[in-house]
Amino acid sequence: MKPPARLLFYATSIGILLFANNALAQAASPNALDAIPDLFQAKFEGMEAALTNDAIKLFGLLAIIEFSYAAFQLAFKQADIGQWAGVIVNQLLFLGIGFYIVSNGANIGGAFVDSFRQSASGASVAAGGVGTLSPSDVFNSGVTIAQNGLDNMSLSDIPESIAYAISSLIIVVVFALIVAMMILSLVSAWGIVTMSILFLGFGGSRWTKDIAMKAMTGILGVGAKLFVMQIIVGVGGSIFTDFATKPVTTAADLIIMVGFSVVMLALVKVIPDTVQALISGAAFTGGGAMIAAAGAVAGAASNVAAQMLGAGAAAT
């Protein structure tokens with residue numbers, strides 16, 4: 001390599017190293033990410049009273065139509081008192097149960113989601129994993145793993161240091177995507193539970209009750225998604241912790257961790273979405289485009305890191 005090109009190579013390398021250290025220093029903000037789902041949950045809870053009121057009105061209107069239609073049928077058939085009593089009791093049971101579900105929709109939906117999360121916590125702990133779904137803990141584990149790689153950087157071996165820097169940044173980006181999926185699932189869970197309250201009001205009529213049933217199925221689906229995700233992240237959290245405590249001695253060690261983080265990203269995306277789709281009956285695409293893109297980025301960056309090692313050897 002000619003002297004000007006060699007100077008440009010080293011100048012660029014030093015810039016990359018400085019950028020990597022500064023980026024990770026700014027990324028590490030413990031517990032900041034945990035506040036995002038809590039903020040959305042608080043906002044959604046503020047909607048519950050208004051949505052419940054509208055759902056009750058809708059339910060009442062449909063219940064009047066349902067009861068009037070049943071009474072018209074009985075009158076048209078000139079039913080006796082026994083038939084009238086049977087239909088009235090049936091309508092009261094149907095509408096009474098429906099009214100209870102509409103009036104307590106937020107509590108019922110929240111209980112479904114919480115029960116799924118409690119079951120996932122117990123299963124994860126039994127498998128030696130983490131019992132809580134904490135985005136900050138997951139992201140901080142990724143930052144720690146990346147920082148372990150950056151600690152091995154040295155100006156005496158610029159090419160290998162660049163490999164450390166690139167691999168560390170990939171790990172941070174992939175862990176950020178994992179955390180984004182966790183936050184998205186938590187926020188969507190509370191959002192679906194809250195906004196489904198209005199659709200429960202359609203349970204007041206035999207013609208629209210399927211809409212209310214689909215709303216309940218949607219709540220079950222998002223609860224099951226959180227259940228599976230919490231188990232995967234909980235068990236994976238113990239592996240994250242093991243990686244974070246292991247010393248990184250070579251760039252190859254860090255590249256292996258890059259591969260593991262991409263695998264975890266695929267698991268966190270595909271399996272929970274599959275379970276949710278199976279329960280809700282929705283079509284499932286598998287998020288293949290995003291996973292393929294993340295894998296391509298990781299593979300390309302790993303190739304760049306390897307090429308930088310080769311370029312460094314040629315430069316010397």
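Colleague: Contacts between residues at least 6 apart in sequence: what share joins residues at least 24 apart?
Modeller: 84% of them, in the protein chain. Contact means heavy atoms within 4.5 Å. The model is predicted, so local features need pLDDT of at least 70 and side-chain atom pairs pLDDT 80 or more, while totals for chains, interfaces and linings use all residues. Numbering starts from 1 along each chain as its sequence is written, and side-chain values use heavy atoms, without hydrogens and water.

Colleague: OK. How many helices and strands does the chain have?
Modeller: The protein chain has 9 helices and 0 strands. Both are DSSP runs numbered from the N terminus (helices H or I, at least four residues; strands E, at least two). Along the sequence, the pattern reads α-α-α-α-α-α-α-α-α.

Colleague: And how much of the chain is buried?
Modeller: 41% of the 316 residues are buried. The cut-off is under 20% relative accessible area; exposed is over 50%, and partly exposed lies in between (1.4 Å probe, protein chains only).

Colleague: Let's talk packing. At what angle do H2 and H6 pack?
Modeller: About 15°, and their axes are 6 Å apart. Helix H2 covers residues 35-77. Axes are lines fitted to C-alpha atoms over the stretch in contact, and angles run from 0 to 180 degrees between N-to-C directions.

Colleague: So is H2 roughly parallel or roughly antiparallel to H6?
Modeller: Roughly parallel, because of that angle. Under 35 degrees is roughly parallel, over 145 roughly antiparallel, 65 to 115 roughly perpendicular, and the rest oblique.

Colleague: Which residues meet there?
Modeller: On the H2 side, they include Ile36, Phe40, Phe44, Met47, Leu51 and Leu58. On the H6 side, Ile183, Leu186, Trp190 and Ile197 are among them.

Colleague: Now H4. How does H4 pack with H6?
Modeller: The angle is about 150°, with the axes 9 Å apart. H4 spans residues 105-126, and H6 spans residues 158-200. With that angle, H4 is roughly antiparallel to H6.

Colleague: Which residues make the contact?
Modeller: H4 brings Gly105, Ala106, Gly109, Gly110, Val113, Asp114 and Arg117. H6 brings Leu186, Trp190, Val193, Ile197 and Leu200. You have met Leu186, Trp190 and Ile197 already, in the contact with H2.

Colleague: Next, H7. What are the numbers for H6 and H7?
Modeller: An angle of about 160°, with axes 9 Å apart. Helix H7 runs over residues 209-245. At that angle, H6 is roughly antiparallel to H7.

Colleague: Which residues of H6 and H7 meet?
Modeller: From H6, they include Phe175, Met181, Ser185, Leu186, Val193 and Leu200. From H7, Ile211, Ala215, Lys225, Leu226, Met229 and Phe240 are among them.

Colleague: Zoom in on Ser185. Buried or exposed?
Modeller: Ser185 counts as buried because its relative accessible area is 2%. The residue sits in helix H6.

Colleague: What does Ser185 touch?
Modeller: Lys225, Leu226 and Met229, leaving out residues up to four places away in sequence. Those three belong to the H7 side of the contact with H6.

Colleague: Another serine, then. Where is Ser167 found?
Modeller: In helix H6. Ser167 has 1% relative accessibility, so Ser167 is buried.

Colleague: Which residues is Ser167 in contact with?
Modeller: Leu254, Ile255 and Val258, setting aside neighbours within four places in sequence.
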